[in-house]
Amino acid sequence: MTATTTGAETATTTVTEDGTSPVTTAAVPTVTGAVGTAHTRVEGRDKVTGAARYAGEIPFADLAHGWLVLSTVARGRIASVETAPVLAMPGVLTVLHHKNAPRLHLDYIGLLGVRPDPTAAVFQNDRVAHAGWPVALVVAETSEQAREAAEALVVTYEQEPHDIDFRGDRPDAFTLDGHMPAVTEKGDLDAELAASAHVVDVEYTTPEEHHAMMEPHAATARWDDGRLDVVDSNQGTTWVADELSRMFSLDASAVRVRSEHVGGGFGSKGVRAHQVSAVMAATALRRPVRVVLNRRQMFSLTGYRSPTAQRIRLGADADGRLRALEHRSLSQTSTVWDFVEPSAGVARVMYDAPAHRTANEAVRLDVPSPTWMRAPGEAPGAFALEAALDELAQQCGIDPIELRLRNEPARGPVSGMPFSGHNLAACFREGARRFGWAGRDPRPGLRREGNLLIGTGTAAASFPAGAGPSTAAVTAEADGTFTVRIAAADIGTGARTALTLVAADALRVAPARIRMRIGDSDFGPAMIAGGSTGTRSWAWAITVAADELRERLAGETGIPADGITVRSDTTAALGALAQKERHSFGAQFAEVAVDVTTGEVRVRRMLGVFAAGRIVNPLTARGQLVGGMVWGISMALHEEGIRDRASGGHYGGDLAGYHIATNADVPVVEADWVDDPDPDDPVGIKGIGEVGIVGAAAAIANAVWHATGVRHRNLPIRPDRVLTVGGPHV
């Protein structure tokens, strides 16, 4: 035997008498400390050179292309679909619609605890539930032929009156449970409000907002040896495979979903019409079929954040301590599937009061189904709550940061459970120091530079730190490397790199010796990339498997050619966790300049300081937090989906008409964190994907008030609103 040393690891290699088939034994464990150090993305070179292929780019032999036809009415029935002329067009293979599509099984509860949205279960009846409802799929030899034929397809409708009128005083609003109870309450709200020295009673609104990821939704379906194989862009291959197997009444083992590279998701990349229709067409034609959505189709078919109307009532003593807190939020949902934007949920964590009531309500309208969108509930909810806290601070004559710290809860305001960690005060202290908050004159409208009024604002942020059961397999290879297989999804967050660092530390080897394979449902069940739970869930499973593998390797004298594999399942470990309030927290700071002649608001600088668990990769983590804060700028000043009352459809349902923050809108944005490892997590992770956006819009709105003396309770803060809502001081 000879010993060879490479880097920090020492390995022994056994060579047979004929000099062939070397077998490497376990490396001597060496702690590398990869977690917590900045690493560029392990797949970065592949992405910038084009080697990394996305769902719409992967080649297949004999590939056909489908194009969805969407309804032009907002409510009614399909009277006819005139397929004959289209079937005669060059390259057209078939037209699927409600009269010839296979029947789907829809009576089930999926992995995420919800029923399937009928918008995704295409072509099951003649009903049209909203403008942009999928009514047919045209399949042709090329995508150009499919699109031309789809645009030529004549569909007639029996149109009915539609209702898209969202407003806060809808009499048909109803409380709706989502992933949390609809209503929580304690104490006598009216009595505490009456006894309060200061009362704030205000309504805030946020508009319809849309996911605008770089990569559109795309899926290719094919049958391979009696097994359904789907290549997709999604946030969880296990999730999509489970939904497709249930819808099409297939055995779970008969469906494989792959999603290696994803160009953004933000909550929208679950099961949608394009995957289901692709499977239908592949089944009918027995050849691969790809369906890609264009940007305008995404505005109808892939979900969005509902508009909200939120009423906040706060009552406080003379010293600013809350006696009463009520947060009521109304959102819209479709007529076919109930989804609630749980904006009142943020109040259940952030602040306590003897009288405390929160309620999430919804109204059914003839609109597409909303869905999860980055920080669902918390993003719009924090805008309303944190702006109202600022109004209360103004009434009380107390610094906004001090007011928040005075009302920090010792335990969960609703649950009564202890916090696993609550470092919001540390975030505010560090943020205030770095931002220069101490020198701020609290009086509004005083700081001026020519035509510009300057103001600063702050807000708090929180987001749950959860974890979902996951499995992982870690293999010690004969060549001294390690292969990790887990059905994780890297939707642009850098998860693939973070997991590589976690695996390296757990195995006590250098990251270069880790081969990370993700995005394949064949790797076994794993949590989705959503709710800031992905990296935490996957890292837990990888750590458990790696720890066991190290123990096994310690007793091995050699590694066989096919390696040694250990598989983990974290279901039991997560079930045994003590019940606690687990959250990431943050403090947002913003400085704005408001032009008194044009009404234009420019964010000059932003700072966010977060308590978000142990940071695995500072490089990509900072990018995630900054990205969330940039989204907060976009939410505060730009984004607004507007529907045409006559048609029920969108004005400007594309990236030309739907405004988002661009490079010119983004100033100096800094994100940092305080030490905050979760003691109950094997790596110390909480989650960072969504907390960055929470509170950002409120900080900007509060800064606009400080600059102008005018409160803006309706987002976005457009120039026309700045000039008309009270008008800035001139």
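A residue is called buried at under 20% relative accessible area, exposed at over 50%, and partly exposed in between (1.4 Å probe, protein chains only). By this scale R357, at 24% relative accessibility, counts as partly exposed. The model examined here is predicted, so local features need pLDDT of at least 70 and side-chain atom pairs count only at pLDDT 80 or more, while totals for chains, interfaces and linings use all residues. Residues are numbered from 1 along each chain as its sequence is written, and side-chain values use heavy atoms, with hydrogens and water left out.

Salt bridges (a side-chain nitrogen of Lys or Arg within 4 Å of a carboxyl oxygen of Asp or Glu) number 64 in the structure. One of them joins R357 to E185, with the closest N and O atoms 3.4 Å apart. This pair links distant parts of the chain, 172 residues apart: E185 sits in strand β11 (residues 183-186) and R357 in strand β19 (residues 355-364). Strands (E, at least two residues) and helices (H or I, at least four) are DSSP runs, numbered from the N terminus. E185 is exposed, at 58% relative accessible area.

D680 belongs to the loop between β30 (668-673) and α16 (696-708), and R582 to the loop between α14 (571-575) and β26 (583-595), with 98 residues separating the two. R582 is buried at 11%, whereas D680 is partly exposed at 23%.

R323 and D317 also form a salt bridge, at 3.4 Å between the closest N and O atoms. Finally, a network of salt bridges links R41, E43, K47, D490 and R496.
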